[in-house]
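Please look over the structure shown here. The report that follows takes up its aromatic rings and its ligand.

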Amino acid sequence: MAIRLGDQAPNFTVETTDGTIDFHDWKSGSWAVLFSHPKDFTPVCTTELGRTASLKGEFTKRNVKAIAVSVDPISDHKAWAGDIGEVGGVDLNFPIIADPDRTVSSLYDMIHPGEGDTSTVRSVFIIDPANKVRLTLTYPKSVGRNFDEIIRVIDALQLTDLAPVATPADWTPGSKVIVSPTLSTDDAKAKFGADKVEEVKPYLRWTPQPTV
Ligand code: BEZ
(Lines give C-alpha, C1' and ligand atoms only; values in the text may rest on other atoms or scores of the structure.)
Protein backbone atom coordinates (compact mmCIF):
# COMPACT_ATOMS: atom_id res chain seq x y z
CA MET A 1 0.00 0.00 0.00
CA ALA A 2 1.22 3.49 -0.81
CA ILE A 3 2.62 5.56 2.03
CA ARG A 4 0.88 8.88 2.56
CA LEU A 5 1.96 12.09 4.24
CA GLY A 6 1.34 11.88 7.96
CA ASP A 7 1.70 8.09 8.06
CA GLN A 8 4.07 6.46 10.52
CA ALA A 9 7.20 5.46 8.60
CA PRO A 10 7.37 1.64 8.62
CA ASN A 11 10.30 0.23 10.55
CA PHE A 12 12.68 -2.42 9.20
CA THR A 13 15.93 -4.14 10.10
CA VAL A 14 18.36 -4.51 7.19
CA GLU A 15 21.93 -5.03 6.15
CA THR A 16 23.69 -1.84 5.04
CA THR A 17 27.20 -0.69 4.14
CA ASP A 18 27.43 0.46 7.79
CA GLY A 19 26.29 -2.91 9.21
CA THR A 20 22.85 -4.07 10.35
CA ILE A 21 20.46 -1.19 11.04
CA ASP A 22 17.10 -1.02 12.78
CA PHE A 23 15.72 2.03 10.98
CA HIS A 24 13.87 3.65 13.89
CA ASP A 25 16.78 3.06 16.28
CA TRP A 26 19.27 4.37 13.73
CA LYS A 27 17.38 7.61 13.14
CA SER A 28 16.24 8.03 16.75
CA GLY A 29 15.69 11.75 17.43
CA SER A 30 16.69 12.78 13.88
CA TRP A 31 15.03 13.58 10.63
CA ALA A 32 15.80 11.08 7.86
CA VAL A 33 15.96 11.17 4.08
CA LEU A 34 15.29 7.62 2.87
CA PHE A 35 15.82 7.43 -0.87
CA SER A 36 15.97 4.66 -3.42
CA HIS A 37 17.98 4.33 -6.61
CA PRO A 38 17.54 1.74 -9.35
CA LYS A 39 20.93 0.13 -9.64
CA ASP A 40 24.56 0.21 -8.54
CA PHE A 41 27.28 1.04 -11.09
CA THR A 42 24.95 3.28 -13.13
CA PRO A 43 25.75 6.88 -14.02
CA VAL A 44 22.80 8.88 -12.65
CA CYS A 45 22.83 6.93 -9.36
CA THR A 46 26.56 7.50 -8.96
CA THR A 47 26.09 11.28 -9.24
CA GLU A 48 23.14 11.22 -6.81
CA LEU A 49 24.96 9.28 -4.11
CA GLY A 50 28.09 11.41 -4.58
CA ARG A 51 26.01 14.57 -4.18
CA THR A 52 24.39 13.20 -1.04
CA ALA A 53 27.83 12.49 0.45
CA SER A 54 28.90 16.05 -0.35
CA LEU A 55 25.86 17.40 1.55
CA LYS A 56 26.72 15.64 4.83
CA GLY A 57 27.48 18.96 6.58
CA GLU A 58 24.19 20.50 5.41
CA PHE A 59 22.24 17.45 6.60
CA THR A 60 24.01 17.39 9.97
CA LYS A 61 23.30 21.11 10.54
CA ARG A 62 19.60 20.30 10.16
CA ASN A 63 19.66 17.12 12.31
CA VAL A 64 19.06 14.97 9.21
CA LYS A 65 20.50 11.53 8.39
CA ALA A 66 20.54 10.20 4.81
CA ILE A 67 20.10 6.54 3.94
CA ALA A 68 19.92 5.05 0.43
CA VAL A 69 18.38 1.79 -0.76
CA SER A 70 18.54 -0.41 -3.81
CA VAL A 71 17.77 -4.05 -4.54
CA ASP A 72 21.44 -4.78 -5.27
CA PRO A 73 23.43 -6.90 -2.79
CA ILE A 74 25.77 -5.56 -0.13
CA SER A 75 28.83 -6.82 -2.05
CA ASP A 76 27.89 -4.57 -5.00
CA HIS A 77 27.25 -1.58 -2.72
CA LYS A 78 30.68 -2.01 -1.12
CA ALA A 79 32.44 -2.43 -4.48
CA TRP A 80 30.65 0.66 -5.88
CA ALA A 81 31.42 2.90 -2.87
CA GLY A 82 34.89 3.75 -4.20
CA ASP A 83 33.41 5.04 -7.47
CA ILE A 84 30.92 7.23 -5.59
CA GLY A 85 33.78 8.85 -3.65
CA GLU A 86 35.92 9.24 -6.75
CA VAL A 87 33.18 10.79 -8.89
CA GLY A 88 31.61 12.95 -6.16
CA GLY A 89 34.87 13.99 -4.51
CA VAL A 90 33.70 12.92 -1.01
CA ASP A 91 33.88 9.41 0.43
CA LEU A 92 30.58 7.62 0.99
CA ASN A 93 29.52 8.79 4.47
CA PHE A 94 25.99 7.40 4.85
CA PRO A 95 24.59 3.86 4.72
CA ILE A 96 23.29 2.14 1.60
CA ILE A 97 20.71 -0.54 2.31
CA ALA A 98 21.01 -3.87 0.48
CA ASP A 99 17.47 -4.94 -0.34
CA PRO A 100 17.73 -8.02 -2.55
CA ASP A 101 14.61 -9.56 -0.96
CA ARG A 102 12.65 -6.30 -1.54
CA THR A 103 11.73 -5.81 2.15
CA VAL A 104 12.20 -2.04 2.20
CA SER A 105 11.26 -1.54 -1.46
CA SER A 106 7.91 -3.27 -0.88
CA LEU A 107 7.19 -1.57 2.45
CA TYR A 108 7.71 1.84 0.84
CA ASP A 109 6.21 0.96 -2.57
CA MET A 110 9.45 1.85 -4.38
CA ILE A 111 9.06 -0.61 -7.25
CA HIS A 112 6.85 0.67 -10.06
CA PRO A 113 6.71 -2.09 -12.69
CA GLY A 114 5.60 0.37 -15.39
CA GLU A 115 9.06 1.97 -15.08
CA GLY A 116 10.75 -0.92 -16.79
CA ASP A 117 11.84 -3.68 -14.45
CA THR A 118 11.71 -4.82 -10.83
CA SER A 119 14.32 -2.41 -9.50
CA THR A 120 13.35 0.65 -7.47
CA VAL A 121 12.46 4.01 -8.97
CA ARG A 122 13.90 7.19 -7.46
CA SER A 123 11.72 7.57 -4.36
CA VAL A 124 12.38 10.05 -1.55
CA PHE A 125 10.80 9.97 1.91
CA ILE A 126 11.49 12.76 4.37
CA ILE A 127 10.68 11.47 7.83
CA ASP A 128 10.61 13.59 10.98
CA PRO A 129 12.03 12.80 14.44
CA ALA A 130 8.63 11.35 15.48
CA ASN A 131 8.90 8.93 12.50
CA LYS A 132 6.09 10.64 10.64
CA VAL A 133 6.36 10.82 6.83
CA ARG A 134 6.46 14.51 5.93
CA LEU A 135 7.27 14.51 2.21
CA THR A 136 7.36 12.03 -0.64
CA LEU A 137 8.84 12.46 -4.12
CA THR A 138 9.01 9.96 -6.96
CA TYR A 139 11.30 10.46 -9.93
CA PRO A 140 11.71 8.20 -12.94
CA LYS A 141 14.89 6.22 -13.43
CA SER A 142 16.18 8.50 -16.17
CA VAL A 143 15.95 11.75 -14.15
CA GLY A 144 18.34 12.53 -11.32
CA ARG A 145 16.95 14.36 -8.31
CA ASN A 146 17.69 17.94 -7.27
CA PHE A 147 19.30 17.70 -3.84
CA ASP A 148 19.13 21.47 -3.31
CA GLU A 149 15.34 21.00 -3.42
CA ILE A 150 15.55 18.28 -0.79
CA ILE A 151 17.49 20.62 1.52
CA ARG A 152 15.08 23.47 0.72
CA VAL A 153 12.04 21.43 1.63
CA ILE A 154 13.64 20.29 4.90
CA ASP A 155 14.21 23.98 5.73
CA ALA A 156 10.58 24.73 4.89
CA LEU A 157 9.27 21.82 6.99
CA GLN A 158 11.41 22.77 9.98
CA LEU A 159 10.40 26.44 9.71
CA THR A 160 6.67 25.77 9.35
CA ASP A 161 6.79 23.34 12.29
CA LEU A 162 8.07 26.14 14.51
CA ALA A 163 6.14 29.21 13.34
CA PRO A 164 2.55 29.75 12.08
CA VAL A 165 3.67 30.35 8.50
CA ALA A 166 3.65 28.61 5.13
CA THR A 167 6.17 28.96 2.30
CA PRO A 168 5.15 30.33 -1.12
CA ALA A 169 6.05 29.05 -4.55
CA ASP A 170 9.80 28.99 -5.14
CA TRP A 171 10.54 30.08 -1.55
CA THR A 172 14.16 30.11 -0.57
CA PRO A 173 15.44 30.42 3.01
CA GLY A 174 15.50 34.02 4.21
CA SER A 175 12.81 35.29 1.86
CA LYS A 176 9.33 36.34 2.93
CA VAL A 177 6.73 33.80 3.95
CA ILE A 178 2.95 33.56 4.13
CA VAL A 179 1.05 33.94 7.39
CA SER A 180 -0.75 30.69 8.13
CA PRO A 181 -4.45 30.77 7.23
CA THR A 182 -5.12 29.62 10.81
CA LEU A 183 -4.01 33.04 12.12
CA SER A 184 -6.19 36.16 11.82
CA THR A 185 -4.48 39.28 10.50
CA ASP A 186 -4.85 40.91 13.94
CA ASP A 187 -3.24 37.90 15.61
CA ALA A 188 -0.49 37.89 12.97
CA LYS A 189 0.25 41.57 13.68
CA ALA A 190 0.35 40.84 17.39
CA LYS A 191 2.77 37.96 16.80
CA PHE A 192 5.05 39.32 14.07
CA GLY A 193 4.67 43.11 14.57
CA ALA A 194 2.02 45.49 13.16
CA ASP A 195 4.41 46.78 10.49
CA LYS A 196 5.58 43.26 9.56
CA VAL A 197 2.35 41.93 8.07
CA GLU A 198 1.33 42.94 4.56
CA GLU A 199 -2.20 41.97 3.58
CA VAL A 200 -2.49 41.50 -0.19
CA LYS A 201 -5.78 39.59 0.06
CA PRO A 202 -7.66 38.65 3.22
CA TYR A 203 -6.25 35.14 2.73
CA LEU A 204 -2.74 36.16 1.55
CA ARG A 205 -0.63 37.94 4.15
CA TRP A 206 3.15 38.24 3.79
CA THR A 207 5.63 38.52 6.63
CA PRO A 208 9.42 38.38 6.78
CA GLN A 209 10.76 34.94 7.62
CA PRO A 210 10.56 34.73 11.42
CA THR A 211 13.55 33.73 13.48
CA VAL A 212 12.82 30.42 15.16
C1 BEZ B 1 21.33 5.55 -13.93
O2 BEZ B 1 21.50 5.64 -12.71
O3 BEZ B 1 22.07 6.08 -14.72
C4 BEZ B 1 20.15 4.81 -14.45
C5 BEZ B 1 19.68 3.68 -13.79
C6 BEZ B 1 18.60 2.99 -14.30
C7 BEZ B 1 17.98 3.44 -15.46
C8 BEZ B 1 18.44 4.59 -16.09
C9 BEZ B 1 19.54 5.27 -15.59
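Does Phe 94 count as buried or exposed? Phe 94 counts as buried, at 4% relative accessibility. Buried means under 20% relative accessible area, exposed over 50%, and partly exposed in between, with a 1.4 Å probe and protein chains only.

## About the model

This is a predicted model, in which local features need pLDDT of at least 70, side-chain atom pairs count only at pLDDT 80 or more, and totals for chains, interfaces and linings use all residues. Residues are numbered from 1 along each chain as its sequence is written, and side-chain values use heavy atoms, with hydrogens and water left out.

## Aromatic pairs

The structure holds 7 aromatic pairs. Rings of Phe, Tyr and Trp (its six-membered ring) pair if their centres lie within 6.5 Å; planes under 30 degrees apart count as stacked, over 60 as edge-to-face and the rest as tilted. One of the pairs joins Phe 35 and Phe 94. It is tilted, at 6.1 Å centre to centre and 40° between the planes. This pair links distant parts of the chain, 59 residues apart. Phe 35 is in strand E3 (residues 31–36), and Phe 94 is in the loop between helix H4 (74–88) and strand E5 (96–98). Helices (H or I, at least four residues) and strands (E, at least two) are DSSP runs, numbered from the N terminus. Phe 35 is buried, with a relative accessible area of 1%.

Tyr 108 and Phe 125 have ring centres 5.0 Å apart and planes at 70°, so their pair is edge-to-face. Tyr 108 is in the loop between helix H5 (103–107) and strand E6 (122–127), and Phe 125 is in strand E6. Tyr 108 is buried at 1% relative accessible area; Phe 125 is buried at 5%.

## Cluster and charges

Tyr 108 and Phe 125 form one aromatic cluster with Phe 12, Phe 23 and Trp 26. Lys 65 lies over the face of Trp 26, 4.8 Å from the ring centre. A charge sits over a ring if NZ of Lys or CZ of Arg is within 6 Å of the ring centre and within 35 degrees of the ring normal. Lys 176 lies over the face of Trp 206, at 4.4 Å from the ring centre.

## The ligand

Residues surrounding the ligand include Thr 42, Cys 45 and Arg 122. A ligand oxygen atom is 2.9 Å from an N or O atom in the side chain of Thr 42. A polar side-chain atom of Arg 122 lies 3.1 Å from an oxygen atom of the ligand.

How values were computed:
Near = heavy atom within 4 Å. Polar contact = N/O pair within 3.5 Å; in protein donor to acceptor, adjacent residues only side chain to side chain.
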